[in-house]
Amino acid sequence: MANRVLPKRRWRLGAVLPAIVFAVITLVSAWPGISWCRDGFAPGEVVVRYKRPAAVLSAESGPAEDRPRNVDSDVRSGMVPGKASGAPVGHVLPSLAKLDRKFGLQKAEHPRDRVDRKKAERIGNKTTADISNGEKVRTANRFDGQPSWRVLSFPSGADVKAIAGAYAKDPNVAFAEPNYIGSLGYTPGDPAYSGRQSGLYDELHLEEAWDIQKGDPSVIVAVIDSGVDVNHPDLAGVIAPGGWDFAEGDGDLADDLGHGTRVAGIIAAVENGQGGVGAAFGCRILPFDVSDSRGQVRVTDVVAAIEEAVSQGALVINLSLSFRFDSELLQEACAVASESAVIVAAAGNDGQGDSPRYPASCDGILGVGAVDQDGGCAIFSNFNGRCDSLVDLVAPGVGVYATTPGGGWSGGAEASGTSFAAPFVSASAALLRAQHPEQSPAAIARHLEKTADKQSAFKEYGAFWRYSFKREHWGMGAYFGHDHEQGSGLVNPQTALETPMIPTLSVRAVSVVDDRLYSPINDGDGELDQGEIVRLRVEIACSDNDALNLVTRLKCADSRVVLMDGGTTATELSVSLKALRCGRVATLTFSNVQADAAAGRGDLPFTLVCLAGTDVLPDLAFSVRIENKVAVSGPQPDIHFTNDNAYIVTDDLTLSGICLIDPDTPFTIYPGKRIRLLSGGNLTAVGTEAAPIAFTSLHKIPDLSLVPPTPD
């Protein structure tokens, strides 16, 4: 980002007073976050991610005295179980067991282990397989059905950073880190933010969007939050089974904070003539509780909930929470989950744009900022400043009218924050997934970004100084650039649903495979030469939406090329793909492309005609260079090197007399060979910027017998 030259100003009290007021408001707004951030992680807890099954599943590698007598369960879990709780208390691998003893490991378990034990206790100590009740097999971040990471518990005063560093050095461990703590996205109870948000659905064009799509019960939105009032009359009918309280380790989803109930209602409150209605009221909610009574969340509980949401088929995951620390475990979980679900995360309420917040800043996640009733950046919302990974989309987040525990509805200060902007984006993603179930999460997310309303279309001012300064004055909003602050802009579900999801393809690379397997005259140098029969490998990238049932047809109108299909001349060669997903690259291989034996040197134009289902996509054009290779060596008097040939210097070349080299004439020189001009000789070689004379060294020497002889 280029720095702007700002005018010199004389500072007066009236000029700096807004800055002082804003700083105070920001400090107060961020205070709940500051209080929990003093430590930043759970006391005595370290997260360990193992590299492979053998790292934790081999009981035989430990000393006999360190292994329990019955190790069948330990071979599956990789841990030594405790006698009373059944929770593992140590590793069975010697190197890890040594660290366990050194630091005083008390137990080691995955949050899901507590869930399975609770369920087993309720139904009489049956196995996890017996209590699954038809649930999908949990495969995310697991080795042969067992978790690939564990939470290790040590005495509360232990130095968890030092312990994490020690475990991270073990060759069996991929990474180790403290169990970071984050928070739900609250804002202060400022009366300025009170009141029911007017024109909210008009701003998002939701009524027009509902004319196209109201959602579908098959689209499940996981709300990983503080729980949900499952008995609320506007939510009871849309709660999918399988939710869990990971913070307490039980099935009680009661929402003590009211945060998760509001989020769930914004997404899917039913249309029943009472209160309001959710933005995607035809979809269902899968709730998970990961918060304690203060609104603090452990990263391990969040990750366990993400894994469980994926295993139960959630197509959208809403995370109205944030961490200041970059957890590798969270990054990995989001990367895995984003393959099957659109993940939406609140950008946080610190009123800053300098530091990332997670998971909003994770790759592949839609980070959401908040706008106020006027469409401007809410004063508490994080935005894109020097850190440009915070916000991808924005949505209303001030005084949002939403469901509350106990069957009610309310707005006001307690319903302000990026936490309540994120569910509008989740609802938009749910509507789009219901409309286009065949499209991938990456395509859905990209489509929401492309169809958003740019900031310039709905608000003039930037994030800071918006109440007293306009764009031309000195303000951080103007400094960072308005469109940059709010990512792709205000989510617009109507435009997203109305806009066809047509893929955008491009040619990323083209390579020639001229192995002798395809023709005895091929020289295998990776270039198309006269008479060769080659395969063309064309890498195409899909940048927008998914190309489904893709058919590509290669054509070439140049008479120097012949396309062969099944031994006969063809006008085109065809390759089909079931799907090329958004953000992915596919390699298309077209066989039997033959260059004419008398073809001159130059570029051959090819066209790739693409059809995705019934959608005709723009043709893709590219060219392949054909070289007329001529071997040259020995004494060469009065020679004229013309640019319709590509010369290969196979041995020492000695020039004498009058010698000329045309512009755009290439020379490839075998290693150790030289070009010399004898005394009295004259060499004229004049290249141009557009057509230089190129000398390159040949590292891979082709068969000399395949190089055409030098013409007389």
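In the predicted model, Leu563 is bridged to Ala570 of strand E25.

Strands E24 and E25 are in turn part of an open sheet of 5 strands, whose order is E20-E22-E27-E24-E25 and whose pairing is antiparallel. From one strand to the next, the twist averages 45°.

A helical packing was also examined. Two packed helices are described by the angle between their axes and the distance separating those axes. Helix H11, formed by residues 299-311, packs against helix H12, formed by residues 328-337, at an angle of about 15°, and the axes lie 10 Å apart. Because angles under 35 degrees count as roughly parallel, H11 is classed as roughly parallel to H12. The crossing of H11 past H12 is left-handed.

On the H11 side, the contact is built from Val299, Thr300, Val302, Val303, Ile306 and Val310, while H12 contributes Leu329, Leu330, Ala333, Cys334 and Ala337. Classified by residue type, the contact between H11 and H12 comprises 10 nonpolar residues and 1 polar residue, with no charged residues.

Note on methods:
Residues are numbered from 1 along each chain as its sequence is written. This is a predicted model: local features need pLDDT of at least 70, side-chain atom pairs count only at pLDDT 80 or more; totals for chains, interfaces and linings use all residues. Side-chain values use heavy atoms; hydrogens and water are left out. Axes are lines fitted to C-alpha atoms, for helices over the stretch in contact, and angles run from 0 to 180 degrees between N-to-C directions. Helices (H or I, at least four residues) and strands (E, at least two) are DSSP runs, numbered from the N terminus. Angles under 35 degrees count as roughly parallel, over 145 as roughly antiparallel, 65 to 115 as roughly perpendicular and the rest as oblique. A crossing is left-handed if the near helix is turned anticlockwise from the far one by less than a right angle, and right-handed if clockwise. Contact means heavy atoms within 4.5 Å. Ala, Val, Leu, Ile, Met, Phe, Trp, Tyr, Cys and Pro count as nonpolar, Asp, Glu, Lys and Arg as charged, and the others, Gly among them, as polar. Two strands pair if DSSP finds at least two bridges between them.
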